[in-house]
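Please read the following points with the sequence and the structure open beside you. They are written for someone new to reading models, and each point takes up one topic.

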Amino acid sequence: MIPAKLATVASVCSLALSLHAFAEPATPQKPIGADPGNKAPVPQTALLVPPPHVSIVKPIHFVEYDLENGLHVILHENHAVPVVATYVLYHVGSKNERPDRTGFAHFFEHLMFEGSENIPRGKIDKYISGAGGNLNASTSFDQTDYFFNLPSNQLKLALWIESERMLHAKIDEVGVETQRKVVKEEKRRSYDNQPYGSLFEELSKLVFKGTPYSWVPIGSVQYIDQATIDEFRQFYKTYYLPNNATLAIAGDFDLEATKKLVAEYFGTIPRGPEIVRPVVQLPPQTEPVKHDVVRDNTPLNASLHAWRASTETDPDSYALELLGNILSSGRSSRLYKRLVEKEQAALEVEAFPFLLENAGMLGVYAIGQQGITLDHLDALIDEEVEKVKAEGVTAEEFQKAQNQKEAEFASSFGTMHTRASELARYHVFYHDTNLINTELDHYLAVKREDLQRVAKKYLTKEGVNILRYPAPTAPGGPGAPEAPASK
């Protein structure tokens, strides 16, 4: 990262990764509060009148059911290629953690690969790779997931490993101490030592202050170090339960035979206590907030404006996503044309909806060119946001955004892994697995005037949170001489 040009490119990539890493997994949530008891909240999509079915994407057929222990199973039989994907989604993420024990969900993303009572330490990777497959896992604010992609004749191997992890994962001193080191190194490498690496951590503190969304999945090294082995074991007993999990299988298998395998491997795992969900309540924001993050490794001035937005399942989420595309997707987008091409003030600019189960935000960030002040970046972003609120979007912009979304859906479900993960996600967070076949209709049902409406509703002057990274040697940076105002 020493040559200036390479440093700039790396910084842009670093900022983009720091944003989008938390927006995963998979695709794109009025805080509806959480469910402190056993009753599931009414899904927002259930409150909608379903739009007419107009999309022409080939439907994805599936069968879903519950085992007696509460495990939800979704099976998508597809014989196009001799592969099978298994995907287990546990409805636990960083928002389920105690404020003084953050990072537990992400820690278990690692710890669940240690082994089990019947799987020797470090052998899960070897078993899967030896069978010609691959594997991974991820953690977000709302979920933790584990997946295998294998030749179809290895389905039993995948189900055995996942049932072992669900029933009796290995949580001992050796594994915990090993993963403490791994997680601390990951945080140093991917967050602490990266330009803008703390961006999402700082942003969450601002936008979601006072809620379980105010810390990020990587958590705090301090709390991971302080945690005892008994605390890790209790977290496992609380959340890694069949009644808090969804198993999706997609690919080349026989439906009835696979039902029997699922019952054989998972049916005897005991059901656990019902999960107490955290309550997310955000008080109204009555004035703008601005915060500067001073880091020695910040190469260029960067500014991010973020507003609280809807939850993922709120009807407004579809208009917000289309609005984000119009603001920043591609060279013809508003922010790119204004900040990058016309003003030549920004090296990179992007808007992003970040919609979660119980909260959400819409953000706009820009990385300035050399010599561009933070105040100038802020003014340009503010002008474009106010313009879309005052004038709305053009018919051409609106049609382009809908075309982009339609093209995205047409190519989204090409792999068995994507199909399995999306089926599980739609079930858990939308309570409507078939949304995999109908969600595009909700985007296409959005009207052009809806985009101006959500812009006025959410992108308010008093509700903006501005997070700025001043470059130490840049105009406007700490200790730098005052630069002349940009025209």
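1. Phe141 and Phe354 are both buried, and in this predicted model the two residues form an aromatic pair, with 5.7 Å from centre to centre and 70 degrees between the planes. The pair is edge-to-face, because planes over 60 degrees apart are counted in that way. Phe141 is placed in the loop between strand E4 (134-139) and E5, while Phe354 belongs to strand E9 (residues 346-355), so that the pair links parts of the chain that are 213 residues apart.

2. How many aromatic pairs does the rule for ring centres give? The count comes to 23, and another of these pairs is made by Phe113 and Tyr146, whose ring centres are 6.1 Å apart and whose planes stand at 50 degrees, so this pair is described as tilted. Phe113 comes from the loop between helix H2 (104-111) and helix H3 (123-130), and Tyr146 from strand E5 (residues 144-151), which places the two partners 33 residues apart in distant parts of the chain. Phe113 and Tyr146 are both buried.

3. Phe113 and Tyr146 also belong to one aromatic cluster, whose members include Tyr90, Phe104, Phe107, Phe108, Phe232 and Phe235. Among the other members of this cluster are Tyr236, Tyr239 and Tyr240.

4. Lys259 lies over the face of Tyr65, at 5.7 Å from the centre of the ring, and the charged end of Arg425 sits over the ring of Tyr426, at 4.8 Å from its centre.

5. Gly122 is found in the loop between H2 and H3, and it is counted as partly exposed because its relative accessibility is 34%. If neighbours within four places in sequence are left aside, Gly122 is in contact with Phe113 and Glu114, and Phe113 is the residue of the tilted pair described above. The C-alpha atom of Gly122 is separated by 9.6 Å from that of Gly175, although the two residues are 53 residues apart along the chain.

6. Helix H6 (residues 199-207) is mostly covered, with seven of its nine residues buried. Among the buried residues of H6 are Leu199, Phe200, Leu203, Leu206 and Val207, and the list also includes Glu202 and Ser204.

7. H15 is largely enclosed by the rest of the structure, because eight of its ten residues are buried. The buried residues of H15 include Leu435, Ile436, Leu440 and Tyr443, and also Asn437, Glu439, Asp441 and His442. The cover over the buried residues of H15 includes helix H10 (316-328), helix H13 (395-410) and H14.

8. The meeting of H10 and H15 can be described in more detail. Their axes come within 9 Å and cross at roughly 65 degrees, and H10 and H15 are therefore roughly perpendicular to each other, with a crossing that is right-handed. Tyr318, Glu321 and Leu322 of H10 meet Leu435, Glu439, His442 and Tyr443 of H15.

9. The loop between helix H14 (416-430) and helix H15 (435-444) holds Asp432, and His431 has its place in the loop between H14 and H15 as well. Asp432 is partly exposed, with a relative accessible area of 27%, and it touches Tyr426 and His427 when residues up to four places away in sequence are not counted. His431 is partly exposed too, with a relative accessible area of 41%.

10. Most residues other than glycine have a negative phi. His431, however, has a positive phi, near 55 degrees, and Gln344 has a positive phi of about 50 degrees although it is not a glycine. Gln344 lies in the loop between helix H11 (334-342) and E9, and it counts as exposed because its relative accessibility is 57%.

Note on methods: Residues are numbered from 1 along each chain as its sequence is written. This is a predicted model: local features need pLDDT of at least 70, side-chain atom pairs count only at pLDDT 80 or more; totals for chains, interfaces and linings use all residues. Side-chain values use heavy atoms; hydrogens and water are left out. Rings of Phe, Tyr and Trp (its six-membered ring) pair if their centres lie within 6.5 Å; planes under 30 degrees apart count as stacked, over 60 as edge-to-face and the rest as tilted. Helices (H or I, at least four residues) and strands (E, at least two) are DSSP runs, numbered from the N terminus. Buried means under 20% relative accessible area, exposed over 50%, partly exposed in between (1.4 Å probe, protein chains only). A charge sits over a ring if NZ of Lys or CZ of Arg is within 6 Å of the ring centre and within 35 degrees of the ring normal. Contact means heavy atoms within 4.5 Å. Axes are lines fitted to C-alpha atoms, for helices over the stretch in contact, and angles run from 0 to 180 degrees between N-to-C directions. Angles under 35 degrees count as roughly parallel, over 145 as roughly antiparallel, 65 to 115 as roughly perpendicular and the rest as oblique. A crossing is left-handed if the near helix is turned anticlockwise from the far one by less than a right angle, and right-handed if clockwise.
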